[in-house]
Amino acid sequence: MEKATNSEVVLQILMSVGIIVIVAKYIGTLVKKIGFPQVAGMIVAGLLLKVFPWFRHFGTDAAGTLFGETEQFISYLAEIGVILIMFSAGLGTNLKSLAKSGLKATVIALCGVLVPLFLGTVMALCFWGFDGFGTLNFYKAMFIGTILTATSVSISVATLKELGKLKSDLGQTIVSAAIIDDVFGIIALTVVLGISTGSGGIGVILVKTVLFFIGAIITGYILFRVFLWYDRRHPHSRRIPIYGLGIAFVYAYCAEKFFGIADITGAYVAGVVFCSLTDAPYMEQKIDINSYMIFSPVFFASIGLKTDLSGMDLPLLWFSLAFVVVGCGAKIIGCSGVSRLMGYSWKEAYQIGLGMMVRGEVALIVAQKGLSVGIVDSKYFAPVILLIIVSSMIVPVLLKKAFAERKADSV
């Protein structure tokens, strides 16, 4: 086959990206109207596009062909989309809220990471067999557990707001614990990736992680002071989010290049560096515009395109069901159990566990990272997508019921 000309490649890219953006946003909007997260709709769009002739060979070995070059470009866009999502998440972090949340939210978040990590690992080993510590199966199982550590509190926040409970002590505990949960989850991802990819032993990985955060704090403080000065002189200047985005890309590069830490960790930390600026919401808004317009639709649709449903045999179906059950149950066990030990009533502890149970884009980002380094196969996106859909469906219903029962009891 003759190599495609640059003009042919550009035309193929334009058509491919155009189709993805239109279909992903349209289906995402339809799905949102019936009460599901937009990201679920965008993933479904990717799955549907797999049957479209233009994308039929997506995810196959097409090196040197016209489509192969287009697929590579879409993968690059998706990677940038991940960086933007995590940078925006960091910008949206409320450090004051984290500081006020205190020990309770931190302990809840820690258990909300450790219990799913442990139970998810055990569940995967039950399917794949335990060959001993340090084997490939063990690392893959650990990564399955790592996917389960993520929490997406957006649906819980919307439900709590509707119930008028968002600003209550219980609501603030859920939100703060979810934010801290993301931080612990990213650290867990960093450690598991480092160990499984042979970047060194646990000691080396932990040292690199500590050095990264020390370096990030020092440079971050300097950058924060510079941006604070610049922000006061040029409030709401478009240069501020532009410079901030550039620094996010540099942080992402340095994290992975020099410390062996996932690039998304660097992007998230860069967002946290600037989250206390007066113009942080303005920065987040500008970043979200870029992400919303093209990069996020391409990222989530590409996950659907890469999901291999042809491998959905009976064993994978059972694995998917176990993944969903363990994923939902582990959050309730970990978060509710420790909440009860810290003085919350059983009902309040159950409500906290429910609020922490939803999964979303972070779980997909973690899974995508595992695919990019070869730890998990593309067919394991299917269980992750199923968990997101199931948890997104049941959490609002269960939360409303739990708070309604509490209200009834108090009458």
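Is Glu256 buried, partly exposed or exposed? I find Glu256 partly exposed, with a relative accessible area of 37%; buried means under 20% relative accessible area, exposed over 50% and partly exposed in between, with a 1.4 Å probe and protein chains only.

I note that the model is predicted: local features need pLDDT of at least 70, side-chain atom pairs count only at pLDDT 80 or more, and totals for chains, interfaces and linings use all residues. Residues are numbered from 1 along each chain as its sequence is written, and side-chain values use heavy atoms, leaving out hydrogens and water.

Entry on Lys369. The side chain of Lys369 meets that of Glu256 in a salt bridge at 3.2 Å, N to O. I place Lys369 in helix H14 (residues 361-372) and Glu256 in helix H9 (residues 239-259), 113 residues apart; helices are DSSP runs of H or I with at least four residues, numbered from the N terminus. Lys369 is buried, at 9% relative accessible area.

Asp263 also forms a salt bridge with Lys369, at 3.0 Å, N to O. Asp263 lies in helix H10 (residues 263-274) and Lys369 in helix H14, so this pair ties together parts 106 residues apart in sequence. I find Asp263 buried, at 11% relative accessible area. Shared partners join Glu256, Asp263 and Lys369 into one network of salt bridges.

Entry on Asp181. I find a salt bridge between the side chains of Asp181 and Lys331 at 2.8 Å, N to O. Asp181 belongs to helix H7 (residues 169-196) and Lys331 to helix H12 (residues 314-341), so the pair ties together parts 150 residues apart in sequence. Both Asp181 and Lys331 are buried.

Conventions: A salt bridge is a side-chain nitrogen of Lys or Arg within 4 Å of a carboxyl oxygen of Asp or Glu. Helices (H or I, at least four residues) and strands (E, at least two) are DSSP runs, numbered from the N terminus.
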